[in-house]
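Visitor: I am new to this structure. Please pick one part, look at it closely and walk me through it.

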Amino acid sequence: MLSLKEVHSFYGASHVLHGVDLEVKKGSVVTLLGRNGMGKTTTIHSIIGFVTKKQGEIWLEGENIISLKSHQIAKKGIGIVPQGRRIFTTLTVRENLTVFAEQDKGNWDLERIFDLFPRLKEREKTHAGNLSGGEQSMLSIGRALMRNPKILLLDEPTEGLSPLMVGEVMDVLLKLKEKGMSMLLVEQNIATALSIADDVYILNKGEVVYHDHPNELRGNMDIAYHHLAIS
Amino acid sequence: INTSTSKEKTKEKVKDDSPIKIGALLPSTGVYASLGENLLNGMNLYFEEQNWEVAGKKVEIIHEDTEADPQVALRKLRKLTDQDQIDILTGPVSTAVAYAIRDEVDSKKLPFLDSHAGGNDLTRAKRSDYIWRSSFSSWQIGHSMGEWAYKNVGKKIYVTAADYAFGHEVAEAFKEAYTKAGGEIAGEVYPPLGNNDYSSYLGKMNKDGIDGIYAFYAGSDAVRFVQQYEQYGLKGKIPLIGSGWLTAEDTRPQQGNSPDGIKASIFWDYSLDTKENQAFKKAYEKKYNKRPSIESAEGYDAAMILAEAIKKLKGDVTDPDKLIEAMSSIELNSPRGPIKFDKETHNVIQNLYIVETGIVNGKTENKVIDTIPQVVDPGK
Amino acid sequence: MKKGSIKGILLFLLMVLVPFFLSLYYVNILSEILILSVFALSLNILVGQTGLVSLGHAAFFGAGAYATGIAAIHFSSNIFITIGMGLLFALLLALIIGLLSTKAHGFYFLMLTLACSQIFYSIVYQWTKVTGGSNGLSGISPLDILAGMRLSNQVFVYYFILVVVTILLLFLSRFLRSPLGSVFIGIKENEERMKSIGYNTALYKNISFLIAGTIGGLAGSLYVIFNGFISPTDVYWTASGSVLIMVLIGGVGTLWGPVIGAAFIVILETIISSYTDNWMMIIGVAFILFVIFAPNGIVGIYNNAKRMLFKGQKIPQKELNRIPIKQQTKMDG
Amino acid sequence: MKKENILSLKGLSKHFGGIKVIEDVTLEVTVGERVGLIGPNGAGKSTLFHMIAGDLEPSGGTIGYFNEMINRLPNYKRTENGIVRTFQKNNLMSGLTVKENLMLVLQRINKKHTQWWKKANQKNYPLLFEELEALLQEWNLQEYSHTKVQDLSYGVQRQIEIILAIAGKPKLLLLDEPTAGMSQVETDQIITLINRLPLEVTIMMIEHDIEVLFGNMDRVIVLNAGTLIADGSPEAVRENPEVREIYMGKEELANA
Amino acid sequence: MSALLLQMMNGLSYGFLLFIITSGITIVFGILGVLNLAHGSLYVLGSFIGYSLIMQAGLPFWVALAAVPLLIAIIGLVLEMVLLRPTYKMGHLSQVLLTFGLAYIFHDIFSMMWGKNILVVTPPEAFNMSVEIAGNAIPAYRLALIVIGILIAIFLWFTQEKTKWGAVIRAGLSDKEMVGGLGVNIHFVFTCVFFLGSLMAGLGGVLGSPILGVYPGMEFQILILSLVVLVVGGLGSVTGTFIASLLVGFVETFSRYLVPELSLIITFALMALVLVVRPQGLTGRRVV
Ligand SMILES: Nc1ncnc2c1ncn2[C@@H]1O[C@H](COP(=O)(O)OP(=O)(O)OP(=O)(O)O)[C@@H](O)[C@H]1O
Ligand SMILES: Nc1ncnc2c1ncn2[C@@H]1O[C@H](COP(=O)(O)OP(=O)(O)OP(=O)(O)O)[C@@H](O)[C@H]1O
Ligand SMILES: [Mg+2]
Ligand SMILES: [Mg+2]
């Protein structure tokens with residue numbers, strides 16, 4: 001479905017990704033782990049096209065999208081829940097959800113989002129900038145779902161959510177997975193990450209230092225900590 | 001250290017064949033750009049008729065753009081004196097510029113013929129030995145209409161003028177003459193310069209029992225004022241009089257038929273029927289393919305005066321005092337009629353004409369209906 | 001001694017020698033450049049340092065100029081007293097306008113300063129008795145430095161201005177990088193957070209405004225001493241606009257940028273307008289080229305060139321100096 | 001002897017238009033206490049911090065700090081007096097480098113921020129620079145010292161967010177989800193450093209990471225829909241059925 | 001009484017004239033965040049081209065009214081794509097400088113093409129007269145402007161508030177990159193907005209010229225006037241600009257009538273007052 005081959009990314013002169021290889025198979029969930037500043041977000045941004053200075057190949061359903069603009073990439077069916085939520089603060093909650101929605105592509109609509117996050121329904125007409133941190137996270141997830149994407153890029157989607165909400169969101173992701181949605185998930189909480197993953201990658205200083213099936217990791221947490229602690 | 005001004009150096013070049021340099025400080029950008037252009041056209045026309053040669057010497061005009069900004073003007077003046085080493089200065093359009101350069105001109109003993117800026121003080125409190133004016137003083141413009149208006153328009157007049165020093169000076173002069181003749185000022189109002197909507201001011205003037213409105217506006221203000229005067233139904237109800245800029249040659253085409261019936265006082269008009277004016281008009285239209293304006297005539301006159309002075313000195317303009325001496329005694333018949341200088345004030349003595357706008361062949365034309373001969377500015 | 005200060009001293013000496021080589025015309029242009037540099041430097045404190053983009057800075061120039069001019073005509077011929085009057089008046093005006101406008105942000109601040117300065121302009125314009133109205137205030141005679149020593153000559157005036165500018169640059173080179181200076185930069189970057197780490201940002205913005213206004217007034221005072229007149233044109237918003245452009249073209253937030261910007265604009269305008277009436281078009285094209293190809297101004301070009309030349313050496317890369325015109329204040333969600 | 005109260009909220013409430021975000025919260029915190037604050041998303045936790053720090057004005061009630069009523073005190077004065085906060089969403093001088101960000105705090109703490117006559121360099125301010133070095137060392141951030149904050153990864157920016165507060169010599173430190181977005185290693189580091197703060201520093205911390213919270217706090221307060229529903233030791237709160245119902249997820253329940 | 005009525009009508013018609021002139025800059029600044037200092041120039045360009053078509057080529061007013069705005073809009077489109085686009089990532093001041101440069105260039109083009117004199121367009125035949133209302137003559141053309149102003153206001157209000165476009169653009173203002181990440185080509189949207197803003201400038205130019213005339217240098221007057229209205233209204237909302245136009249129209253008209261000496265100050269004083277009392281403008285929303 002989505003695969004990165006030897007991707008190098010740059011911010012201005014600084015070289016951040018050093019040849020990342022990664023593959024998300026159709027209907028599978030890949031989690032990306034790594035300490036702060038190791039290039040997880042940069043990987044996501046390279047896929048969606050926020051990072052423009054990059055080399056290598058990014059294949060999406062048989063097409064190399066590395067040189068496309070982000071709106072073109074997004075149109076191909078990629079949904080994103082960015083780090084820091086990045087909801088549109090001057091729009092109302094409802095506008096955030098509906099303005100970019102592509103409801104004809106799937107069955108996520110306003111009603112289902114509101115069912116999932118009742119909190120958002122209560123705040124429907126509020127400016128999104130006035131929402132609490134967790135509510136903004138919900139909105140960001142909702143916004144991505146409303147586009148009914150084929151593949152979801154999730155950059156720490158549960159950040160700021162209460163444990164209860166984390167549970168709910170993970171449930172939704174699991175259901176989506178069952179229905180065949182592919183996902184690339186960046187997550188700091190290893191337990192949460194492993195509960196859903198089919199594949200685990202660990203990034204360190206812009207390079208993939210570990211790639212395996214989660215069961216291996218689950219059985220031997222030391223490996224994970226080893227890779228996650230070095231820097 | 002080179003603190004000397006350029007004059008001492010020029011002393012050495014008495015009898016060579018270097019041309020006489022006339023510096024023209026005129027705006028070609030900014031609000032007064034079109035006035036500056038017309039003045040320059042007038043000057044160029046005259047010198048071209050003389051083949052750019054006076055008393056056997058080449059004449060050259062060095063034009064610098066003042067942008068009607070005193071600061072820029074002063075910078076340009078310094079360039080003209082220090083770089084170009086001009087012999088004579090002429091211009092400017094804006095009175096603020098004239099005042100700003102006054103001290104520098106005076107201390108450098110640079111002969112300066114003011115060809116437009118009309119602020120009274122230039123030939124009153126700020127008088128300088130080296131500054132003479134061939135154009136007009138604002139007093140002349142306003143005052144000339146006062147008595148005439150009392151006799152021919154009515155006993156009660158509303159006064160309006162653009163809110164800047166010149167507008168106020170003209171209005172003051174008019175009021176002075178008009179009340180002295182026995183008239184009564186019904187009220188006065190001074191909209192800002194460059195105003196775009198006169199409706200509320202016109203509403204104020206639109207009173208019963210008024211015999212007329214005296215207005216001083218020029219350029220875009222004149223166009224808008226006169227048009228809105230008609231649109232708001234004052235035309236045909238209250239007669240409008242003013243200064244010649246209200247119905248000037250280059251504004252009337254934009255005013256449609258609104259100016260019909262306006263009477264104004266001015267020192268030159270296109271319709272003036274003299275030999276000199278006919279010749280001037282013909283030459284100007286031939287060269288520029290459009291009618292001359294008041295400023296074109298001013299430029300032409302200034303050039304003529306300078307040329308006469310140079311002739312008197314046989315082309316030797318190195319001594320500023322002699323040049324001033326020669327210029328001050330000039331008397332001639334210019335397109336605007338007989339003119340000479342008042343040796344006391346350094347201001348021009350000239351006729352003022354009352355012109356009335358009428359419609360000829362579907363277009364407005366001015367007609368001189370009265371002459372107020374040889375108006376002299378009082379100098380204080 | 002450091003390389004920077006040697007360069008500075010050399011430059012100063014060169015400037016001292018200028019009148020021995022160049023004609024008075026050039027000396028006058030230099031004087032004018034220096035005066036406008038002072039003006040631009042003062043605005044840079046607001047725009048470059050504190051991030052307050054003002055479109056009303058000419059008011060302070062006018063305040064200094066008119067106060068100095070009026071004082072020179074009516075009260076004193078001593079240069080320090082008259083300049084002092086100019087500074088005092090500019091300071092008072094800055095106090096008032098600062099209190100009114102620093103509460104607003106971004107574009108609203110810009111428009112408030114514009115409004116205040118236009119009101120000041122109207123007062124100057126209409127109070128003909130005191131200010132000479134549209135004709136301006138002219139006939140201001142040369143002033144005394146000491147009893148018997150008069151700035152009667154343009155070269156003396158040049159030296160006087162040069163000394164003032166040198167002192168100002170020395171002051172600013174320390175001030176801009178001082179702890180207080182960094183507080184201003186912090187406010188430019190994120191005013192809300194500056195409050196949260198304990199800075200009374202309203203106070204510092206006002207201080208910045210006061211300093212900028214007073215130095216702007218100094219520029220006005222020097223201008224009157226140099227030209228002997230002042231007119232409302234110099235207080236109009238276009239004057240504020242052109243000084244803002246000097247700062248932007250020279251290089252926002254740098255020490256030398258405003259000086260270079262002032263020189264660039266004056267030279268460009270003076271030279272080009274002697275050759276063509278369409279100088280505005282040429283300047284306009286220059287602006288556009290700057291925006292697209294040299295967004296960090298002339299100082300930015302210089303730095304880039306230096307980096308290219310000394311690729312081997314490490315010269316810290318200065319990033320785009322973005323000045324936010326914030327539209328709304330933000331707060332934690 | 002009972003310790004002195006550092007913070008006492010009485011009947012505090014906050015309304016936005018018709019929405020009641022905080023309703024009649026009364027609360028006392030003693031000097032040196034470590035208080036955790038939890039509650040569902042949108043319960044009003046951050047809003048409470050806003051009011052204590054002076055970034056929002058209460059609609060009703062009073063805020064007492066030591067023995068003073070500080071309702072009318074502007075936020076920067078509260079910071080001067082020792083109430084220092086972090087933001088849930090990074091809120092930094094993002095165009096400045098890490099060093100410059102920290103310097104702004106350090107110079108204020110050391111009362112050097114009004115000096116305008118000398119450049120702020122190592123020669124003129126050796127002590128400040130020493131402190132700076134120490135901080136960078138402590139947080140392992142030397143390599144980022146000259147990096148602009150906006151060029152840092154999200155997690156590192158969060159670290160700066162917290163350092164800015166801790167460097168501000170707080171008496172009452174308000175941490176709004178300090179470990180959100182931090183990797184495990186960084187989270188451990190932050191907790192260690194917080195625990196290393198002097199005992200007289202009072203800490204209030206909003207945190208959704210249950211492990212972090214229950215493991216390190218003396219007392220836990222639970223906010224739901226703007227009202228206090230529980231207040232007690234971590235153990236007690238953990239066992240509280242209502243808290244479990246509205247806040248904990250299945251997993252946590254299973255773990256507990 | 002009748003004098004008062006007249007002034008009311010004057011205020012109203014002047015207010016609508018202001019609205020027509022300023023709606024373009026509102027759209028571009030308020031929505032796009034680009035402070036377009038060349039707005040006045042586009043307006044003046046519209047007036048000049050309108051003049052050429054109507055007064056020189058002798059075309060009917062209505063033809064110019066349709067053709068000119070379109071032409072100006074296309075010019076605006078080209079400017080946006082070629083010049084403005086590279087500046088979006090550089091912050092607002094760059095755009096200020098760039099559009100100011102454009103204004104300078106236009107200034108010289110105007111005087112080269114149309115001379116330095118004031119030019120006036122005669123209003124269409126049908127409106128070239130005065131209407132008698134309660135004993136006062138009021139130019140029919142001004143009454144027509146009121147109607148046109150209302151239509152424009154409705155159109156803009158509808159576009160901004162009732163279509164998804166308005167929201168997309170507001171989203172783009174707070175985070176352009178993210179809008180792209182959600183599949184919308186924000187550059188295209190911006191171009192459209194600039195197109196619309198220029199269209200409004202051209203429309204204002206044609207409609208305003210019979211009353212205000214046109215001359216080089218006028219663009220700066222128009223610009224300042226627009227900025228004042230824009231700010232008083234609160235950035236970006238069509239409703240705000242509408243209210244502000246009428247407010248400024250009324251305040252100016254009445255101050256001219258009652259205290260003519262102060263009329264120069266009054267608009268700016270009004271703006272300062274509004275901003276000091278409400279730093280976000282009249283209708284500006286405060287996001288806390
Ligand atoms: N300015 C405002 N206008 C309207 N509602 C607001 C405003 N600010 C906050 N709210 C509402 O108040 C509620 C409480 O917000 P707050 O940020 O305090 O929640 P929180 O407890 O910190 O939640 P989280 O854990 O998600 O960060 C939210 O529902 C939010 O929508
Ligand atoms: N805009 C930028 N300019 C320059 N460098 C950047 C920029 N953004 C990120 N970096 C650098 O790129 C590296 C990777 O950052 P990235 O945001 O991808 O990390 P991350 O793995 O997502 O970390 P976190 O867990 O903190 O979100 C970091 O060293 C960071 O400093
Ligand atoms: Mg990240
Ligand atoms: Mg919160």
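Guide: Three residues, E:Leu93, E:Leu97 and E:Tyr104, supply 16% of what chain E buries against chain C, more than any other three residues. The model is predicted: local features need pLDDT of at least 70, side-chain atom pairs count only at pLDDT 80 or more, and totals for chains, interfaces and linings use all residues. Residues are numbered from 1 along each chain as its sequence is written, chains are lettered from A and ligands numbered from 1 in the order in which they are written, and side-chain values use heavy atoms, without hydrogens and water.

In terms of contact (heavy atoms within 4.5 Å), 46 residues of chain E meet 41 residues of chain C. The count of salt bridges between the two chains is 0; such a bridge needs a side-chain nitrogen of Lys or Arg within 4 Å of a carboxyl oxygen of Asp or Glu. Across the interface of chain E and chain C, 2 residue pairs are in polar contact, both at pLDDT 80 or more. A polar contact is a pair of N or O atoms within 3.5 Å; within protein, one must be able to donate a hydrogen and the other to accept it, and residues adjacent in sequence count only if both atoms are side-chain atoms.

On the side of chain E that touches chain C, helix H4 (92-114), helix H9 (218-233) and helix H11 (263-277) each supply at least two residues. Helices are DSSP runs (H or I, at least four residues), numbered from the N terminus. The largest share of this side, 14 residues, comes from H4(E). Sorted by class, this side of chain E has 32 nonpolar, 9 polar and 5 charged residues. Nonpolar covers Ala, Val, Leu, Ile, Met, Phe, Trp, Tyr, Cys and Pro, charged covers Asp, Glu, Lys and Arg, and the others, Gly among them, are polar.

Chains also share a ligand site elsewhere in the model: ligand 2 is surrounded by residues from chains A and D, so this site is shared between chains. The shell around ligand 2 has 7 nonpolar, 11 polar and 4 charged residues. A polar side-chain atom of A:Thr42 lies 2.4 Å from an oxygen atom of ligand 2, and a backbone N or O atom of D:Gly155 lies 2.6 Å from an oxygen atom of ligand 2.

Methods:
A residue is near a molecule or strand if one of its heavy atoms lies within 4 Å of it. Buried area is the accessible area (1.4 Å probe) that two parts lose on being put together, summed over both.
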